[in-house]
Amino acid sequence: MIQLYIPLNFLGVLYREIKQSLTDLDKMFVLMEKEREVADKPGAAPLGLPPGQATVRFEHVTFGYEPARVILHDVSFEIPAGKTVAVVGPSGSGKSTLARLLYRFYDVQQGHIRIGGQDVRDVTQASVRQAIGIVPQDTVLFNDTVEFNIAYGRPGATRAQVEEAARSARIHAFIESTPRGYQTMVGERGLKLSGGEKQRVAIARTLLKNPPILIFDEATSALDSANERAIQAELKSAAQNKTTLLIAHRLSTVIDAHEILVMEAGRVIERGTHQQLLARGGRYAQMWALQQQSGEGEPASPARVVPA
Ligand code: ATP
């Protein structure tokens with residue numbers, strides 16, 4: 001009996017861990033094959049997305065992980081094809097939940113999420129995920145070579161394509177400076193990369209995948225301003241012509257966004273461009289003033305400030 005109990009108990013613990021890990025967008029990449037929270041409708045067709053049609057729409061979306069606790073209340077916004085919409089707000093306000101719903105880890109309880117006019121519940125999950133690239137806060141790297149970690153974005157990619165993606169993500173020179181170049185082992189048992197370097201590997205991977213839609217979950221930890229500028233430049237090049245949902249922790253990243261949503265307790269409390277929101281003199285303007293006082297590069301959510 002005990003022989004049976006131990007493995008079963010272990011599986012239970014493992015299952016709980018996997019479920020819990022899904023609360024971190026960071027772990028999505030590794031776990032996306034394991035979670036089956038939603039199922040395809042019988043006979044669901046793949047998402048048909050002609051070039052330039054990757055508009056994302058949230059229409060009156062209401063959602064809770066558990067029925068008794070509503071997390072998002074009647075959230076509506078549109079990301080026109082090729083544009084960036086940024087989401088800012090305090091920790092726990094529901095920013096990452098928007099990303100999880102777009103990637104269809106969960107289904108909405110009310111409202112619709114549409115990509116190119118198609119409700120994500122009517123098409124196959126695999127085709128939705130194929131259309132979306134995620135650059136998470138803290139990329140989990142495989143215990144393998146740098147080349148493998150980048151090429152994972154597009155199975156069968158050539159070395160030249162991997163290098164081109166690495167150049168665009170501004171990580172090529174760093175890779176070349178390591179003793180074994182693209183064959184250097186990274187991950188837990190290999191060369192340890194900094195948060196910024198790992199994020200650049202994730203950007204290279206996403207550039208290689210070349211999806212029409214991008215979810216960028218900005219790292220919450222305070223970076224020095226040189227690093228921050230580098231990451232912003234990479235983000236800009238990665239987001240070029242892609243429909244981008246940017247979850248931002250530093251307001252300096254969102255200035256050029258087509259629209260900025262300010263979230264609080266699962267509701268959009270303000271929206272507009274950077275200039276419109278400053279002129280409004282509301283919560284965003286307050287956050288901006290605070291950031292200016294505390295210096296460039298401070299996170300937008302005070303609860304997430306990492307002590308120096
Ligand atoms: P942060 O800036 O800290 O990343 P956020 O604005 O992205 O925060 P979310 O991760 O979207 O916030 O979480 C919104 C709320 O949903 C939080 O109250 C959180 O506790 C809750 N939540 C998140 N994931 C789950 C889950 N898997 N099950 C139950 N509740 C969850």
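**Entry 1: strand 3**

I began with strand 3, which is mostly covered, with 5 of its 5 residues buried. Here "buried" means that 20 or more other C-beta atoms lie within 10 Å of a residue's own; 12 or fewer makes it exposed, anything in between partly exposed, and C-beta atoms are placed from the backbone. Strands are DSSP runs of E with at least two residues, helices are runs of H or I with at least four, and both are numbered from the N terminus.

A note to myself: this is a predicted model, where local features need pLDDT of at least 70 and side-chain atom pairs count only at pLDDT 80 or more, while totals for chains, interfaces and linings use all residues. Residues are numbered from 1 along each chain as its sequence is written.

I then looked at the two faces of strand 3. T84, A86 and V88 are buried on one side, and V85 and V87 are buried on the other. In a regular strand the side chains alternate between the two faces of the sheet.

**Entry 2: the sheet around strand 3**

Which strands pair with strand 3 in the parallel sense? I found strand 8 (residues 243-247), joined to strand 3 by 4 bridges and running parallel, and strand 9 (residues 259-264), also parallel over 4 bridges. Two strands count as paired if DSSP finds at least two bridges between them. T84 has T244 as its bridge partner in strand 8, and V88 stands opposite V262 in strand 9.

The whole sheet is open, has 6 strands in the order 6-7-8-3-9-10, and its pairing is mixed. Strand 6 (132-135) and strand 10 (267-272) are at the edges with a single partner strand each, so one side of each has no neighbour in the sheet. The twist averages 20 degrees from one strand to the next; angles run from 0 to 180 degrees between N-to-C directions, and axes are lines fitted to C-alpha atoms, for helices over the stretch in contact. Strand 9 and strand 10 pair antiparallel over 5 bridges, and E264 faces R267 in strand 10.

Helix 3 packs on this sheet, touching strand 3, strand 6, strand 7 (213-217), strand 8 and strand 9. Touching, or contact, means C-beta atoms, placed from the backbone, within 7 Å.

**Entry 3: K83**

K83 is in the loop between strand 2 (72-79) and strand 3 (84-88). Not counting residues up to four places away in sequence, K83 touches T243 and H258.

Strand 1 (residues 56-63) pairs with strand 4 (residues 110-115) over 5 bridges, and E59 stands opposite H112 in strand 4.

**Entry 4: helices 6 and 8**

The axes of helix 6 (residues 159-168) and helix 8 come within 8 Å and cross at roughly 125 degrees. The two helices are therefore oblique to each other: under 35 degrees is roughly parallel, over 145 roughly antiparallel, 65 to 115 roughly perpendicular, and the rest oblique. Where do they meet? Q161, V162, A165, A166 and S168 in helix 6 meet A204, L207 and L208 in helix 8. Leaving aside neighbours within four places in sequence, A204 also contacts residues including I150 and I171.

Methods:
Two residues are in contact if their C-beta atoms, placed from the backbone, lie within 7 Å.
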